[in-house]
Amino acid sequence: MEVLRGLRYVTYLIFHPFNGFWDLKHEKKGNLGSALVIVALLSITYILRRQATGFIFNTVNLLELNILVEIISVVLPFMLWCISNWCLTTLMDGEGSFKDIIITSAYALTPLILINLPMILVSNVITVDEGAFYYFFISLSTVWAAALMLVGTSVVHQYSMTKAFITCICIIVGVGLIIFIGLLFFSLLQQMFWFAWTVFQEISLRF
Amino acid sequence: MKLRKYLICTVLISVLLTTTAFAEIPYSSYTYDYWGNPVPAPAPYVPTRIVEGTTLGIGAFNNANDLFVSPAGKIYVADTGNNRIVVLNDQWEVERIVDSFVMNGEEQTFNAPQGVFITDAEHLYVADTGNGRVVELDEDGNLVRVIGKPVNEIIPENFEYKPTALVVDRAQRLYVVATGVNQGLMEFDSEGNFRTYMGAPRVSVNMYQYFIRLFYTEEMLDRTTDFVPTEYNNIRMDEDGFIYVTTSTISVYAIQGAISGRSTDDRVSPVRKLNPTGKDILRRRGYFPPVGDVQFFSRGYAEGGQSLLVDVCADKYGIYSVLDNKRGRIFTYDGDSNILFIFGGKGNRLGTFNNPVAFDKVGENFIVLDKSVSGQGQITVFEPTDYGRLVLQAVYYHNEGKYDEATACWEEVLKYNANSELAYIGMGKAALDQDEFYTAMKYFRLGNKRDYYSKAFKLYRKEVLSRYFGVIVAVILILSVGLYIRAKRKGRREVVA
């Protein structure tokens, strides 16, 4: 029930982002459960978008579709964003807790679901000539979500708009850094593993 | 016991039969689908014989560089290393050998001739590379004219003129490809005077290169290579007088960019079709630009990198083929640059090559000149299979406007090759003509043809809408009446409250 109440709040939030995000945090209008549901719905939207978009607009080879990859491609960037956001804003006097960041970021992504889901249906009944509408709404959803993300960051951390904008750019750079360090870590781990493995082989084959 | 004997017998017989019944083709044929994946296809051509200089009784070909089939069906081979032109008839017998001609009462010979061209009047043009001239001989080997080094103020004095390939158009103009020339083709008028360079590829500079140069010092700029247009390496003319040229100097990155972007830009195209003003008019409507192989390893492999196109051969209706020297493959495209066939390969068996340098068509057969490892050339003859003939016939019919016959051909093609996107598109177009929109959609979907699918879908949608128009209107009416009543009741309730 709590989750449903949180989800219903989305309809208010996306049209009144400043008040919406403020109440989201301070009036406890949203909760972690509904945030996670939103991320799950977004994953489903992206899977459906790959799978069920009309043939004319679907440029993905369905034979190579992997649902796990699709889910990861939504969840991983989201988590990276939240982590990077938290890392940076704790250093930059942000007011939001990690939980606040997750809730805000998830709510900011709702236009992607609300527009893309119907557009999947629409894409099945329109032709190339009407494609402009399709692409317009798809871009609209992205721009809207990005704007909400910006407002959300500024409200939840009580930043000015300029500072929020700079922070957002820094967060994206931070995401890149995390990916870099992650790759480095795994690469080193792999090297270490192979080193141990070859030493083991060397010894076991000798005796 | 008897049954067992019988079984063994049948197995043995069938094994024997299968091993003798198939002459295996030493390469696998394929095409590329919409996604750029190679998909197997039946062999469109099969190798049938090899012709060598020694079997012809004229001594081995030595570094032979060009091969040309004259309008009369005679085969001319530029036997570069032996300084001669060998003329064969369609029965693969030596008709004559041209190795000298009389000029001003003096006997002259060729010096490493690399290219030949034969006009409709069976006049022989030889790109006499080592002597830096083009020689025209008539059908009896008498000298008509010699076109020497071009003289013009735009050509530097010390320019070493080495013509390697040429064509002559109907107005007797010469278009010559020469070594070290990157301004395009050298055009000579019918008098043999140099006119101009034509068809130079446009230079492409990417943003990064442009940006980085802003920071270069004078010395750095001097040391970096200039942006120069690519050099052409071969030239052919089709029956309409359009010139096909190939180049192999486009970088692997540019080619890969063109493939991944499905680019139709002529600057990154290794094959071009030039009109008489030198403008590229090749239609690039295929799923990928005509660059040879679409999937390849970029680095780290002996056979990595883009296809190196060294020759082109034009068929009717804009169908053309290109020869890849790197992997020994022939790519045939239709007039819209849709890939029709890919066949051939590297190797030492009948049907594969070591160093293929030139090819042409004799009737419906392909003949490919292979320089071979030791320079001892050989010519391989390829004959079309039923499948190959069918596909070509379908394209011919389509271009002739015989759509019903084309459809019949495509239907037959699908029996051989269920992966043929072109066949599905052909069937789809036919279904569209017969107002069978849903069937058309199905075929276009199989052929990955989105624009035509959209056309068929639009018509199908119209058909469905008009068929169920009454139902749709009724549903909308009922819904709106229902909503209206509901709204009214709700309003009344509110008033009461």
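Q: Why is A:Tyr135 called partly exposed rather than buried or exposed?
A: In this predicted model, A:Tyr135 has a relative accessible area of 47%. Buried requires a value under 20% and exposed one over 50%, so A:Tyr135 is classed as partly exposed. The residue belongs to helix H8 of chain A, which covers residues 131–157. Its C-alpha is 28 Å from that of A:Gly176, at a separation of 41 residues in sequence.

Q: What makes the pairing of B:Lys458 with A:Asp129 a salt bridge?
A: The side chains meet with an N to O distance of 2.5 Å. The cut-off is 4 Å between a side-chain nitrogen of Lys or Arg and a carboxyl oxygen of Asp or Glu, so the pair qualifies. Across the interface of chain A and chain B, two salt bridges are found by the rule. On the side of chain A that touches chain B, the residues comprise six nonpolar, five polar and three charged.

Q: How many residues does each chain bring to the contact, and what area is buried between chain A and chain B?
A: Chain A supplies 14 residues and chain B twelve. The two chains bury about 1,100 Å² between them, with 58% of this on carbon and sulfur atoms. Six residue pairs are in polar contact between chain A and chain B, both members being at pLDDT 80 or more.

Q: Why is A:Cys168 in no disulfide?
A: Over all chains the count of disulfides is zero. For A:Cys168, the nearest cysteine sulfur is that of A:Cys170, 9.3 Å away.

Q: How do you know whether A:Cys168 and B:Cys313 are buried or exposed?
A: The relative accessibility of A:Cys168 is 10%, and the relative accessible area of B:Cys313 is 3%. Buried means under 20%, so A:Cys168 and B:Cys313 both count as buried.

Q: Why are B:Asn83 and B:Ala112 called partly exposed?
A: B:Asn83 has 28% relative accessibility and B:Ala112 has a relative accessible area of 24%.

Conventions: Residues are numbered from 1 along each chain as its sequence is written. Chains are lettered from A and ligands numbered from 1 in the order in which they are written. This is a predicted model: local features need pLDDT of at least 70, side-chain atom pairs count only at pLDDT 80 or more; totals for chains, interfaces and linings use all residues. Side-chain values use heavy atoms; hydrogens and water are left out. Contact means heavy atoms within 4.5 Å. Buried area is the accessible area (1.4 Å probe) that two parts lose on being put together, summed over both. A polar contact is a pair of N or O atoms within 3.5 Å; within protein, one must be able to donate a hydrogen and the other to accept it, and residues adjacent in sequence count only if both atoms are side-chain atoms. Ala, Val, Leu, Ile, Met, Phe, Trp, Tyr, Cys and Pro count as nonpolar, Asp, Glu, Lys and Arg as charged, and the others, Gly among them, as polar. A disulfide is a pair of cysteine sulfur atoms within 2.5 Å. Buried means under 20% relative accessible area, exposed over 50%, partly exposed in between (1.4 Å probe, protein chains only). Helices (H or I, at least four residues) and strands (E, at least two) are DSSP runs, numbered from the N terminus.
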